[in-house]
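Visitor: Please take me through this structure one place at a time, and begin with a term that I shall need.

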Amino acid sequence: MGLLTFSLNLTLDGCVDHQEGIADGETHAYFTRLMGESGAMLWGRVTYELMESYWPAVARGDEEAPPALREWATKLEAKPKYVVSSTRKDFPWANTHHIAGDLREGVQNLKDATPAGVLLGSGKLATELDRLDLIDEYKLLIHPRIAGHGPTLYQSGLPSTRQLDLLSAEPLHNGVVAMHYRRAH
């Protein structure tokens, strides 16, 4: 069984608005490496639609992009992508699969079938999966910014506090800190 790793950008005040982070070659290289180490990507519908609206065009060369972004887009194109949605059934982007029905069962089956692990990149979906005790690790990029607005991580709350063990903290040259935690058992 592979691990389910939640990875996301967030500011010091917990904002997960994708426009508030530092989107440079270093952060893209970090996420490209994480994606390369995992067997599949997992998103909610909203994140999928955000990604689908831009990255396939970068991979095809229809959008201008620096090398780090083009590398991410090309690897993302080939990576198996799974989407949880109760409202959308059609996912035309290459290598995209729908997880429907019981969330716990669908995600547990994905973990069981993906020994290299699954990389989760959706904040709202992470809240639901954490409520189901399905997230094993957290690899968060903490950006040196205070946004002063939301949305924030786990905005809708969890039933109890999650205890985590710090595995590593790596400062990047751009001021971002890559934090790696595992759930304490």
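Guide: A polar contact is a pair of N or O atoms within 3.5 Å; within protein, one must be able to donate a hydrogen and the other to accept it, and residues adjacent in sequence count only if both atoms are side-chain atoms. The model is a predicted one, in which local features need pLDDT of at least 70 and side-chain atom pairs count only at pLDDT 80 or more, while totals for chains, interfaces and linings use all residues. Residues are numbered from 1 along each chain as its sequence is written, and side-chain values use heavy atoms, with hydrogens and water left out.

Visitor: Which residue caps the N-terminal end of α5?

Guide: Helices (H or I, at least four residues) and strands (E, at least two) are DSSP runs, numbered from the N terminus, and α5 covers residues 103-113. At the N-terminal end of α5, a side-chain oxygen lies 3.4 Å from the backbone nitrogen of Arg104.

Visitor: What is the relative accessible area of Asp130?

Guide: Asp130 has its place in helix α6, where the buried residues are Gly123, Leu125, Ala126, Thr127, Leu129 and Asp130. Past the end of this helix comes Asp133, with a positive phi near 60°. Asp130 counts as buried because its relative accessible area is 1%.

Visitor: How long is the polar contact that joins the side chains of Asp130 and Tyr154?

Guide: Beyond its neighbours within four places in sequence, Asp130 is in contact (heavy atoms within 4.5 Å) with Ile135, Tyr138, Tyr154, Leu158, Arg162 and Arg183. Asp130 also lies 9.6 Å from Phe6, C-alpha to C-alpha, although the two are 124 residues apart in sequence. Between the side chains of Asp130 and Tyr154, the polar contact is 2.6 Å.

Visitor: Tyr154 is not a glycine; what is its positive phi, about?

Guide: Tyr154 sits in the loop between β6 and β7. Tyr154 is counted as buried, because its relative accessibility is 19%. Although Tyr154 is not a glycine, its phi is positive, at about 55°.

Visitor: Which residue does a cis peptide bond join to Gly150?

Guide: The residue in question is found in the loop between β6 and β7. The bond has an omega of about 5°, and it joins Gly150 to Pro151.

Visitor: How far apart in space are Ala147 and Gly106, C-alpha to C-alpha?

Guide: Ala147 also has its place in the loop between β6 (137-143) and β7 (164-171). If residues up to four places away in sequence are not counted, Ala147 touches Thr11, Asp13, Cys15 and Glu20. Ala147 and Gly106 are 41 residues apart in sequence, and the distance between them in space is 34 Å.

Visitor: Is Asn95 buried, partly exposed or exposed?

Guide: Asn95 belongs to the loop between β3 and β4, and its phi is positive, about 60°, although Asn95 is not a glycine. Because its relative accessible area is 38%, Asn95 is partly exposed.

Visitor: Which residue has its backbone oxygen 2.9 Å from a polar atom of the side chain of Thr96?

Guide: Thr96 lies in strand β4, residues 96-99, and it counts as buried because its relative accessibility is 12%. The backbone oxygen 2.9 Å from the side chain of Thr96 belongs to Trp93.

Visitor: What is the relative accessible area of His28?

Guide: His28 is part of helix α1. With its neighbours within four places in sequence left aside, His28 is in contact with Ala23, Trp55, Ala68 and Leu69. His28 is buried because its relative accessible area is 15%.

Terms used
Buried < 20%, exposed > 50% of the residue type's maximum accessible area, 1.4 Å probe, protein only.
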